[in-house]
Amino acid sequence: IIHYDFDAINGTTVPDISGNGNNGTLQGAATAVEGYSGQGVQCTVKADYISLPSGFPTSLTSFTYATWVKVSALKNATRFFDLGIGADATNNFLAFVPSYGADNGYMVLRYRPATGTAVNVTSTTKLPTGVWAHVALTYAWNAATSTGTAKMYLNGAVVATGTGLTYNPSLSLGAATENYLCYSRWTQDANGFGGAVDDVRFYNRALTADDVLTLNGLAELN
C-alpha cells in the first residue's frame, strides 16, 4: 500500500510507486542521498523525517513494513516508524524502534495504548551500524482468536517473534493522523535518526519468510 524508492523525489514530495497515491513528504532537512539502490533519504537530526499519509493505518489489520537502512550509531528514542494520533501517551500508538531504552540497544516493536499496559516485542540481534541492512517487520492478525503474531527480520533472518498480541492495528490506530518515518512523536525524544533509509514499503498483509527473502534479494544466499 506504500512503496517509496526515493528515485523521483519532487521538491518535498516522495512519490508512492505502489500506485495507491500514498505520497510522503520530506520534513526539515531530510534529503536525497545515495541509497542502497539508487537514491535513499538521509534523516540526521530530529527535525529531519518523512511524513506519511493520514489514515492509511485503517487498512493495517495484518501488515508488513520493510526497508533498507544505514545508521551511523544506535541512538535511543528514534524510530523506523511511528503511527498514531497525538503524543505523550494521550492516544494509542505503534512504533518500531531501532534502539530501545538506551543507546546501542535492541530493536523493539512497541504498542502503547492511551490507557493500559504497553506491549514490546524485542529483537535478539542489534541493528548493525555503518552498513546497509534490510529490516522487515510482519504482523499477522488472526480474527478467529483475536490475537496477532509479530516477526522481525534482519537481513532475512528472524530475530524476534511475539505471539498472542491482542491489538488489531486497524482498530487500535484507526484513522491515525500523525504517521512518520524516522521520527518520534515524544517531545522528550530529542535524538535524530542519524541515518538513511531506502526502499520503504508497507503491505496490508503479513509477508512470509520466503517473501522477505525475495523482497530483499537475499533469497539466493540462504
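Visitor: Which residue follows helix H2, and what is its phi?
Guide: This is a predicted model: local features need pLDDT of at least 70, side-chain atom pairs count only at pLDDT 80 or more, and totals for chains, interfaces and linings use all residues. Residues are numbered from 1 along each chain as its sequence is written; side-chain values use heavy atoms, with hydrogens and water left out. Helices (H or I, at least four residues) and strands (E, at least two) are DSSP runs, numbered from the N terminus. After H2 comes Gly-217, and its phi is positive, near 75 degrees.

Visitor: Is Ser-184 buried or exposed, and which side chain makes a polar contact with its side chain?
Guide: Ser-184 lies in the loop between strand S15 (178-181) and S16. At a relative accessible area of 3%, Ser-184 is buried. A polar contact is a pair of N or O atoms within 3.5 Å; within protein, one must be able to donate a hydrogen and the other to accept it, and residues adjacent in sequence count only if both atoms are side-chain atoms. At 2.6 Å, the partner of the Ser-184 side chain is that of Asp-189.

Visitor: How far apart in sequence are the parts tied together by Tyr-49 and Tyr-180?
Guide: Rings of Phe, Tyr and Trp (its six-membered ring) pair if their centres lie within 6.5 Å; planes under 30 degrees apart count as stacked, over 60 as edge-to-face and the rest as tilted. The whole structure has 19 aromatic pairs. Tyr-49 and Tyr-180 form an edge-to-face one, 5.4 Å centre to centre with 85 degrees between the planes. Tyr-49 is in strand S6 (residues 49-51) and Tyr-180 in S15, so the pair ties together parts whose separation in sequence is 131 residues.

Visitor: How accessible are Tyr-49 and Tyr-180?
Guide: Both count as buried. Tyr-49 has a relative accessibility of 15%, and Tyr-180 has 13%.

How values were computed:
Buried means under 20% relative accessible area, exposed over 50%, partly exposed in between (1.4 Å probe, protein chains only).
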